[in-house]
Amino acid sequence: LNNNVTIIRNADKCLVYDKKVGNNGITWKELQNWYDEKRHQLNNRLDIVSFMKNSLGTSPMENLFFDTYIEMTRGKEDKIPALFPQVWLYYDPKLQSERIKKIFEHQRMDFLMLFSESDRVVIEIDGCQHYAEKKNEVYYASVDKYASMMAAQRDMSLAGYDVYRFGAKELYDEVAGKKVVCTFLNQLFEKYG
């Protein structure tokens, strides 16, 4: 977010947003324009929404959230902040096996929105891996995992991020999940003007 980026290899395969984040954050239109200017670097024919959607993977709940956001904001691209999926708060290319200890337990955010340079919103969709341990194909509540997640949330809040969490169960049903997401987004847009 502060453009403190060091690319150690494969720079030709990386796009780094090189514009300043202004008072209105980064709108879809600004992101699309920047992406269209830089896309040739990747030899990529995907539009920005498809490109970002590819990073979501197989989580149906994250896909539902992203798709609902896109549907709700269609036609308002110049006013609505972009929704960035799978954003790394801290990223270090070393593998865990190369480290003496784990440095960042919760490195990746499900979604990030920038309403301004200082108004940073993180949206997390928490499956049971956030609060439970799997043993013999059964999940058991884990106070250690839950405590670790709460510590990470405090760290994000202290770093200036507003964090909003969904339990994945809220989004299991597509119709009910869309209503939950729409209600939340309307309230979020109202809060941030």
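Which side chain does a polar contact of 2.7 Å join to that of Q86? The partner is E62. A polar contact is a pair of N or O atoms within 3.5 Å; within protein, one must be able to donate a hydrogen and the other to accept it, and residues adjacent in sequence count only if both atoms are side-chain atoms.

This is a predicted model, where local features need pLDDT of at least 70, side-chain atom pairs count only at pLDDT 80 or more, and totals for chains, interfaces and linings use all residues. Residues are numbered from 1 along each chain as its sequence is written, and side-chain values use heavy atoms, without hydrogens and water.

Q86 lies in strand β1. Q86 is buried at 15% relative accessible area; buried means under 20% (1.4 Å probe, protein chains only). Helices (H or I, at least four residues) and strands (E, at least two) are DSSP runs, numbered from the N terminus.

| Residue | In contact with |
|---|---|
| Q86 | S55, L56, E62, R108, M109, D110 |
| F65 | L83, F111, I123, I125, F166, V181, F184, L185 |

F65 is also among the residues touching the most other members of the largest nonpolar core, which has 44 residues. Such a core is a set of buried Ala, Val, Leu, Ile, Met, Phe, Trp, Tyr and Cys residues joined through side-chain atoms within 4.5 Å. Helix α3 gives the most to this core, seven residues.

Helix α1 (residues 28-38) buries W28, L31, W34, Y35 and K38. They span an arc of only 135° around the axis, so they sit on the same side of α1. Their cover includes α2 (48-53), α3 (60-73) and β1 (83-88).

Key
Buried means under 20% relative accessible area, exposed over 50%, partly exposed in between (1.4 Å probe, protein chains only). The arc is that of the directions from the helix axis to the C-beta atoms. Contact means heavy atoms within 4.5 Å. Lists of a residue's contacts leave out its neighbours within four places in sequence.
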